[in-house]
Amino acid sequence: MIPITRGHIDLTVTINDLESLKFDKYFQTYQQLPEVEQYYTAHNSSIWQLLDDCPQWVHDLSQQIPKDFDHSVVSAIKIPPGQTVPCHADKHYILQQTYGAGDTWRYLIFLEDWKNGHYFEIGGQPIVNWKAGDWVKFHRSCWHLGGNMGLKPFYSAQVTVK
Ligand SMILES: [Fe+2]
């Protein structure tokens, strides 16, 4: 099994920074399994993403994580309360298209301390109780899921690397 690694960076992100993110794309998440097609719809599995025009502090995250890559693409995600990201494996489409196919990895960085109802799971392991700045790094072949059964948006950043 390809290892999943975890670590922490110090963040100075404020709630104002998060609420100022200009998310521009709202879309239904991957449908890669029959059960996902059966049970999940645009109504219960849609999220906000900010890819282009991320503020500088999002780009700077790629300088703070371990320097184990040559190329990176950053984005920010907001999962509103009530939305889920059912089991999937990421395509890393933009990174692969820009810098070529092959092994690519993603750093998922939690931007706030864990809140009630926020959930992430990878390799069959639940991840909760995180602190702002905690990260999880995983290969594009790793199945994972997330969701927000809480009362506040769930913010994360992704640095996809090769
Ligand atoms: Fe994902």
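1. Seven strands make an open sheet, arranged in the order β1-β9-β6-β11-β4-β3-β2 with antiparallel pairing. Strands here are DSSP runs of E, at least two residues long, and helices are runs of H or I of at least four residues, both numbered from the N terminus. Two strands count as paired if DSSP finds at least two bridges between them. The edges are β1 and β2 (25-28); each has a single partner strand, so one side of each is left without a neighbour in the sheet. From one strand to the next the twist averages 30°. Angles run from 0 to 180 degrees between N-to-C directions, and axes are lines fitted to C-alpha atoms, for helices over the stretch in contact.

2. A word on the source. This is a predicted model, in which local features need pLDDT of at least 70 and side-chain atom pairs count only at pLDDT 80 or more, while totals for chains, interfaces and linings use all residues. Residues are numbered from 1 along each chain as its sequence is written.

3. β2 and β3 (residues 46-50) run antiparallel and are joined by four bridges; Gln 28 has Ser 46 in β3 as its bridge partner. Three bridges link β3 to β4, again antiparallel, and Trp 48 is partnered there by Lys 78 in β4. Between the antiparallel strands β6 and β9 there are five bridges, and Tyr 107 stands opposite Lys 137 in β9. Helix α3 packs on the sheet, where it touches β4, β6 and β11; the direction of α3 makes about 125° with that of β4.

4. What is the strand order of the open sheet of four strands? The order is β5-β10-β7-β8, with antiparallel pairing. β5 and β8 are its edge strands, each pairing on one side only. Neighbouring strands of this sheet are turned by 15° against each other on average, direction ignored. β5 and β10 (residues 144-148) run antiparallel and share three bridges; His 88 has His 144 in β10 as its bridge partner.

5. The largest nonpolar core has 25 residues, and those with the most contacts inside it are Ala 76, Tyr 107, Ile 109, Ala 157 and Val 159. At least two residues of this core come from each of α3 (56-64), β4 (72-79), β6 (105-110), β9 and β11 (154-161). Such a core is a set of buried Ala, Val, Leu, Ile, Met, Phe, Trp, Tyr and Cys residues joined through C-beta atoms within 7 Å. A residue is buried if 20 or more other C-beta atoms lie within 10 Å of its own, exposed if 12 or fewer, and partly exposed in between, with C-beta atoms placed from the backbone. Leaving aside neighbours within four places in sequence, Val 159 is in contact with residues including Leu 61, Ile 65, Val 74, Tyr 107 and Ile 109. Contact means that the C-beta atoms of two residues, placed from the backbone, lie within 7 Å.

6. His 92 has phi near 55° and sits in the loop between β5 (84-88) and α4 (93-99). Asn 129 has phi near 60° and lies in the loop between β8 (125-127) and β9 (134-139). Is each of them buried or exposed? His 92 counts as buried because it has 22 C-beta neighbours inside 10 Å. Asn 129 has 9 other C-beta atoms within 10 Å, so it is exposed.

7. Val 13 is in the loop between β1 (5-8) and α1 (15-19). Val 13 counts as partly exposed because it has 17 C-beta neighbours inside 10 Å. Apart from neighbours within four places in sequence, Val 13 is in contact with residues including Trp 57, Leu 111 and Ala 132.

8. Gln 38 belongs to helix α2 (residues 34-39). With 9 other C-beta atoms within 10 Å, Gln 38 is exposed. The C-alpha atoms of Gln 38 and Ile 65 are separated by 37 Å, although the two residues are 27 apart along the chain.

9. Overall, the protein has four helices and eleven strands. Buried residues make up 30% of its 162 residues. Among contacts between residues at least 6 apart in sequence, 79% join residues at least 24 apart.
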